[in-house]
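Here is a short note for a colleague who is new to this structure.

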Amino acid sequence: MTTVRRTTNETDVTVELEVGATSPAISVDTTDAFFDHMVATLARYAGCSLTVRATGDLPHHLVEDVAITLGRAVAEATPATCTRYGTATIPMDDALVTASVDLGGRAFWGGAVPDATYDHVLRSFAQAAGATLHVVVVRGEDPHHVTEAACKAVGLALRHALADDGAVFSTKGSVRWEVG
């Protein structure tokens, strides 16, 4: 279990994350019901146990800081011998969304979802996770369906990328940092 807490003058966020949980348990309380549903959906599709407790002064600060904290927790919990890459496509009513992720430590956000808040959430998550994340909305008219399909696709892509296959999946081997 990885626990990350982020506190500022604006928010207090605690995330507990277990990657590859055999019986995932999920509890998200941010005081924003739709956001709670999207974060819980992402965790369920990722196959992770997740507890999020967050309070904040403004909705924008709250969702941004939860995304940052969740991304950091994913970075901390990623196995050195993970599969590293994952791609998933999710159909949801009128929406069709594909997500691809690389957990190789280089942060990049490539994509756009129709809701600016969730576009920012996914960008913040990718940056904090040190992940390359591409989300492609193939089609969809209902912003709710597109946003939910995006969270499901990101979660399922993460499930594949986080799987521990017992070997470092890189020609350069594992990355080691020394900070003096």
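1. Helix α1 gives the largest share of the lining of the second largest cavity, three residues. Helices here are DSSP runs (H or I, at least four residues), strands likewise (E, at least two), numbered from the N terminus. The model is predicted: local features need pLDDT of at least 70, side-chain atom pairs count only at pLDDT 80 or more, and totals for chains, interfaces and linings use all residues. Residues are numbered from 1 along each chain as its sequence is written, and side-chain values use heavy atoms, with hydrogens and water left out.

2. The whole structure has two cavities of 30 Å³ or more. A cavity is a set of points, on a 1 Å grid over the protein atoms alone, where a 1.4 Å probe fits but cannot get out; lining residues have an atom within 4 Å of a point. A volume is the space filled by probe spheres set on the points, which are joined across faces, edges and corners.

3. The second largest cavity holds about 50 Å³. Its lining includes Leu17, Cys48 and Leu158.

4. The largest cavity holds about 100 Å³. Helices α1 (33-46), α2 (59-77) and α3 (116-129) each supply at least two of its lining residues. Phe35, Val66 and Phe125 are among them.

5. Asp102 lies in strand β6 (residues 95-102). Asp102 counts as buried because its relative accessibility is 11%, where buried means under 20% relative accessible area (1.4 Å probe, protein chains only).

Notes. Buried means under 20% relative accessible area, exposed over 50%, partly exposed in between (1.4 Å probe, protein chains only). On a 1 Å grid over the protein atoms alone, a cavity is a set of points where a 1.4 Å probe fits but cannot get out, and a pocket is an open set with protein on both sides within 12 Å along at least five of seven lines; lining residues have an atom within 4 Å of a point.
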